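These are my notebook entries on one structure.

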Amino acid sequence: MIRNYLKIALRNLVKNKVSSFINVGGLAVGMAVAMLIGLWIWDELSFDKYHQKYDHIAQVMQNKTYNGVVSTGVPTSLPVEQELRKSYGSDFEHTGVMFWLGDHVLTVGDKNISFSGTYVTPEIPEMFTLKMLKGSRNTLKGSSLLVSQSVALALFGHAEPVGKIVKFDNQASLVVSGVYEDLPQNTTFHDLAFMAPWDYFTSTQDWLKRAATDWGEDSFQVFVQVAGQANMNRLSEKIRDIKLKKGGPEEAKMKAQLFLQPMSKWHLYAEFKNGVNTGGSIEYVWLFGVIGIFVLLLACINFMNLSTARSEKRAKEVGIRKAVGSVRGQLISQFFCESLLIAVMAFGLSLILVTLGLPFFNELAGKNMQVLWSSPLFWLMGIGFTLFTGVVAGSYPALYLSSFKPVKVLKGTFKAGPLAAIPRKVLVVMQFTVSIILIVGTIVVFNQVQVAKNRPVGYSRAGLITIGSGNHQMDNQFNPFRLDLIKSGAVSEAAESSSPLTAIHNRMSDVNWSGKDPGLAVDFANIRVTTEYGKTVGWQFEAGRDFSTKFITDSSKVVLNGAAVKYIGLTDPVGKTITFGSDNKTYTVIGVIKDMVMGSPYEPAKQTIFHIGDSFDSIIIKINPDMSPHEAIRKIEAICKRYTPAVPFSYKFVDDEYAKKYADEERIGKLSTSFALLAIFISCLGLFGMASFTAEQRIKEIGVRKVLGATVFGLWRLMSEDFVVLVIISLLIATPVSWYFMHNWLLHYTYHAQLSWWIFAATSAGAIVITLATVSYQSIKAALANPVKSLRSE
């Protein structure tokens with residue numbers, strides 16, 4: 001029986017080539033999209049699961065209240081970890097500390113290579129269950145060093161790395177005690193190239209002695225591994241007030257509260273507003289999951305529509321089968337067999353599409369995903385996915401076609417009637433409603449990215465690059481270095497800073513001014529700069545002057561941004577004084593600049609204090625606009641090599657670093673655009689098939705109308721208007737739905753695009769034009785046909 005069903009199904013596929021192509025092609029595209037999205041969702045949901053103790057690891061985070069607003073932060077202080085280990089030892093199996101280093105130079109022989117790494121306490125490698133290829137996780141003590149597989153290969157090639165000496169920042173000699181497997185891309189620490197021992201860190205940094213007892217020195221990341229099946233929420237409650245009780249008046253003023261953020265929430269639930277976890281990437285997981293389901297549903301709708309539309313052509317077949325004894329269950333089995341055959345063919349084609357499209361999708365999504373060909377789970381899910389698709393696509397046609405009455409069919413009195421088309425019209429409306437919502441969403445995301453791109457940043461990004469300070473090796477020789485850069489003609493100006501232009505590395509809460517409420521906790525960005533900073537970046541003054549070498553006393557002066565002036569409440573800021581620092585030094589305000597966007601382009605600028613200082617992390621260079629960037633960078637590199645020969649030269653364009661701030665939104669926009677185009681493609685395939693069937697069904701009516709004098713334009717309008725009405729209904733449904741969801745999405749951002757009327761107008765016009773373009777071919781073809789041929793049998 002099944003063999004007979006398959007034979008009939010294949011005959012129908014060959015006989016109806018256009019509808020077969022639309023069904024198989026549309027389902028294949030829909031299944032391919034669903035599979036790609038499924039791979040993306042799997043990658044997101046499995047984030048950090050590489051670590052064996054994933055369910056037991058958490059990071060200690062804290063909420064602090066500044067000026068009535070709760071701020072959530074990752075860094076905390078060393079005494080917190082010490083207190084957890086000493087007083088809560090039964091609750092935690094391990095506690096550990098990490099201090100992120102950024103890029104540092106590892107040297108072996110004549111190889112000087114910059115890698116990103118961190119200082120860690122000995123418990124961290126064990127806690128994160130690093131997969132050791134050589135050596136042991138428990139050897140990170142004294143002057144040892146753990147390196148990743150790629151670092152070992154870069155430094156030692158295929159030679160044995162364990163026991164070899166590595167020069168660290170051209171200063172200390174560390175011994176490689178282990179090599180761990182490179183961490184996957186979908187882990188928080190995927191770029192962690194090496195781990196340096198805490199013992200070495202404490203022996204070289206005097207400030208750590210103070211930090212060991214300073215509850216306010218929030219410069220460290222503290223991790224814990226909870227014991228047994230301990231409840232993290234209860235442990236969070238238990239440790240919440242540690243800083244309030246132990247940290248002194250400053251921590252009490254800021255209402256510091258600790259809590260545990262489980263590893264399972266690091267990636268997907270990373271957003272906090274006013275101390276409350278508001279979600280994060282999990283929203284995009286839900287969004288694309290829904291999109292994947294709907295895109296697949298669009299393809300299933302095509303199958304349903306075309307199968308039921310051709311009902312009259314298969315009515316006699318159903319009638320004869322019932323007359324010779326077939327029961328309805330057998331007919332339903334036959335039609336399900338046909339839909340499953342199409343689903344299997346579509347699944348095979350979708351695997352080819354996924355294989356071809358995955359590299360492009362990986363680039364678009366910023367991932368490194370692979371199809372798990374060797375995984376039995378993948379094939380089981382694939383079979384289940386195919387069966388599900390076949391059943392969903394074939395359910396309505398099977399139930400509808402098997403319900404025909406054989407007496408009416410065989411007498412020739414069966415007509416589907418106008419009501420039979422209603423379900424098909426509803427399904428077409430559903431298709432275009434989903435497609436229109438996706439188009440509106442794509443436009444809104446694009447506009448939101450433009451807000452970030454076009455927002456005034458308070459300085460000139462053109463021609464600015466940043467280079468590292470050679471791990472502070474350049475601090476004592478910056479002035480001659482700067483002069484050599486300018487003499488080369490490649491550079492207009494250069495300056496040093498404690499933070500790059502696109503990030504804030506230092507904050508302070510000990511700022512005071514006349515009239516300040518003693519109980520007010522404050523939070524300022526603290527940027528140490530050299531005198532030439534303002535001239536280099538081109539900041540824009542609202543009042544006062546810039547730092548200058550002409551004034552010896554500028555070391556006790558500050559420049560504030562507009563946000564800081566507003567935060568403090570100064571009406572005439574120039575000449576006013578503020579105090580800050582461990583010595584409570586007094587500084588005079590000499591200038592006010594427009595807000596510089598150093599954080600998120602979607603959030604207000606941070607209140608910032610700029611002052612002359614020392615110990616810098618970044619060198620900011622303004623390339624001479626009269627020289628090509630390529631030539632300028634070549635000259636800059638040559639000068640850098642003279643001053644810090646052991647430090648690899650690397651640079652970053654400020655424009656590129658700023659673009660990374662809206663990269664997530666831009667990536668989401670590109671993915672949404674791709675899915676929206678595919679949804680439109682699938683919908684148009686179905687519309688084309690429906691138009692083809694309608695033209696075929698109404699061929700005699702068109703012939704009669706032509707004989708009676710109807711014009712081609714009139715017939716085109718007659719054939720097209722039914723579809724245009726369906727699209728207009730879709731627009732009426734999709735417009736409020738898309739407005740609601742995109743309005744709520746935009747509320748996540750302080751600075752956001754407006755939901756202008758033109759977005760919906762342009763989408764409406766585009767949808768109608770696409771509809772007309774899709775159905776016009778069949779409409780015009782039918783209108784131009786010779787009526788003699790269609791009416792010959794009458």
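Entry 1, salt bridges. I searched the whole structure and recorded 28 salt bridges, a salt bridge being a side-chain nitrogen of Lys or Arg within 4 Å of a carboxyl oxygen of Asp or Glu. The model is a predicted one, in which local features need pLDDT of at least 70 and side-chain atom pairs count only at pLDDT 80 or more, while totals for chains, interfaces and linings use all residues. Residues are numbered from 1 along each chain as its sequence is written, and side-chain values use heavy atoms, with hydrogens and water left out.

I first took the pair Arg85 and Glu81, which form a salt bridge with their closest N and O atoms 2.9 Å apart. The two residues are four apart in helix α3 (residues 78–87), so about one helical turn separates them. Glu81 is buried at 6%, whereas Arg85 is partly exposed at 46%.

I next noted Arg210 and Asp214, a salt bridge whose closest N and O atoms are 3.1 Å apart. Arg210 has a relative accessibility of 44% and counts as partly exposed; Asp214, at 25%, also counts as partly exposed.

I then turned to Glu493 and Arg482, whose side chains meet in a salt bridge at 2.6 Å, N to O. Glu493 belongs to strand β15 (residues 491–497) and Arg482 to helix α17 (residues 478–487), so this pair ties together parts that are 11 residues apart in sequence. Both Glu493 and Arg482 are buried. I also recorded a network in which salt bridges with shared partners join Lys64, Asp218, Lys243 and Glu251.

Setting aside neighbours within four places in sequence, I listed its contacts (heavy atoms within 4.5 Å) as Val445, Val449, Tyr602 and Tyr749.

I counted six bridges joining strand β1 (residues 57–66) to β11, and the two run antiparallel; strands pair if DSSP finds at least two bridges between them. Within this pairing, Gln62 stands opposite Leu258 in β11. Why is strand β11 (residues 257–262) largely enclosed by the rest of the structure? Five of its six residues are buried, so the strand is largely enclosed.

I also examined strands β12 (residues 271–273) and β13 (residues 276–279), which pair in the antiparallel sense over three bridges. Phe272 stands opposite Asn277 in β13. Two residues lie between the strands of this hairpin, where Asn274 takes a positive phi near 55°.

I noted Asn67 in the loop between β1 and β2 (69–73). Its phi is near 55°, a positive value in a residue other than glycine, and Asn67 is partly exposed at 40% relative accessibility. Asn170 lies in the loop between β7 (165–168) and β8 (172–180). The phi of Asn170 is near 60°, again positive in a residue other than glycine, and its relative accessible area of 39% makes it partly exposed.

Buried or exposed: which applies to Lys245? I found Lys245 exposed, at 71% relative accessibility. Its place is in helix α9 (residues 242–246). Between Lys245 and Asp517 I recorded 272 residues in sequence and 23 Å in space, C-alpha to C-alpha.

I found one cavity of 30 Å³ or more. A cavity here is a set of points on a 1 Å grid over the protein atoms alone where a 1.4 Å probe fits but cannot get out, and lining residues have an atom within 4 Å of a point. The largest cavity has a volume of about 30 Å³, volume being the space filled by probe spheres set on the points, which are joined across faces, edges and corners. Its lining consists of Glu44, Leu45, Phe47, Tyr54, Met263, Ser264, His267 and Leu268.

Notes:
Buried means under 20% relative accessible area, exposed over 50%, partly exposed in between (1.4 Å probe, protein chains only). On a 1 Å grid over the protein atoms alone, a cavity is a set of points where a 1.4 Å probe fits but cannot get out, and a pocket is an open set with protein on both sides within 12 Å along at least five of seven lines; lining residues have an atom within 4 Å of a point.
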